[in-house]
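Hi,

Here is the structure I promised to pass on.

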Amino acid sequence: MRTFGWGRRGAAAAASLAVALGCAGCVASRQEPGQATAAVADAAAEAASAGETARITVGLLDEGRLTGPVADTALLDQLRALDEAETALTTLVPPDAASAAHRAAGLAAVGDVSDAVVAARSWVAARSGGDLAGAAGVPSSADALLADLADATGAAEDALAGAGGP
């Protein structure tokens, strides 16, 4: 009975194929200035929406009108949307300096909203009986968290306005 092993060449070929397939969707997007700015506006609008949704979620949980698991799921959905917005911006290759500046502002805004939503998930976990109460990085109150979410959402709205969005 004869067995066929991968050998060195086979393993190298398999590794090359895995890298090629893994990066198949990793193509940077290069657009004209108007298209690039529109892509930034879309990402900033997504970030602003995620921030506002997170703010509403925290408010409803604080008022007792939402359960912890539902709030956590809503916030996790917003993190997924923010991840998509960040991916859109990080794969964008700006064609000019103005587009690059809009992209940088958009990335900063998406990051700020992401940080606030992550803090909101920690707060929800602590409020729902988790052992995060008093842990570093967990907002002490809903009011502090709502203020952080409002600030981050405002930054996203500013990035949207700077990119020519509504």
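Leu-145 sits in helix 5; helices here are DSSP runs of H or I with at least four residues, strands are E runs of at least two, and both are numbered from the N terminus. This is a predicted model, where local features need pLDDT of at least 70 and side-chain atom pairs count only at pLDDT 80 or more, while totals for chains, interfaces and linings use all residues. Residues are numbered from 1 along each chain as its sequence is written, and side-chain values use heavy atoms, with hydrogens and water left out.

Is Leu-145 buried or exposed? Leu-145 counts as buried because its relative accessibility is 0% (buried is under 20% relative accessible area, exposed over 50%, partly exposed in between, with a 1.4 Å probe and protein chains only). Not counting residues up to four places away in sequence, Leu-145 touches Val-58, Ala-116, Ala-119, Ala-120, Trp-123 and Pro-139, where contact means heavy atoms within 4.5 Å. Ala-120 is 25 residues from Leu-145 along the chain, and their C-alpha atoms are separated by 6.7 Å.

Trp-123 is worth a click too. Leaving aside neighbours within four places in sequence, Trp-123 is in contact with Val-58, Leu-61, Asp-62, Val-138, Pro-139, Ser-141, Ala-142 and Leu-145.

Both residues belong to the largest nonpolar core, which has 35 residues; Leu-145 and Trp-123 are among those with the most contacts inside it, as are Val-58, Leu-82, Val-113, Val-117 and Leu-149. (A nonpolar core is a set of buried Ala, Val, Leu, Ile, Met, Phe, Trp, Tyr and Cys residues joined through side-chain atoms within 4.5 Å.) At least two residues of this core come from each of helix 2 (33-62), helix 3 (68-90), helix 4 (97-127) and helix 5 (142-162). Helix 2 gives the most, with 11 residues.

Now the helix packing. The axes of helix 4 and helix 5 come within 9 Å and cross at roughly 160°, so helix 4 is roughly antiparallel to helix 5. (Axes are lines fitted to C-alpha atoms, for helices over the stretch in contact, with angles from 0 to 180 degrees between N-to-C directions; under 35 degrees counts as roughly parallel, over 145 as roughly antiparallel, 65 to 115 as roughly perpendicular and the rest as oblique.) Residues of helix 4 that meet helix 5 include Ala-109, Ala-116 and Trp-123. For helix 3 and helix 4, the axes also come within 9 Å and cross at roughly 160°, which means that helix 3 is roughly antiparallel to helix 4.

Gln-78, in helix 3, is buried because its relative accessible area is 14%. Gln-78 touches Ser-49, Ala-50, Thr-53 and Val-117, again not counting residues up to four places away. Thr-37 is in helix 2 and counts as buried because its relative accessibility is 17%. Outside the four places on either side in sequence, Thr-37 is in contact with Ser-99, His-102 and Ala-163.

As for the whole chain, there are five helices and two strands, running α-β-α-α-β-α-α from the N terminus. Of the 166 residues, 33% count as buried.

Cheers
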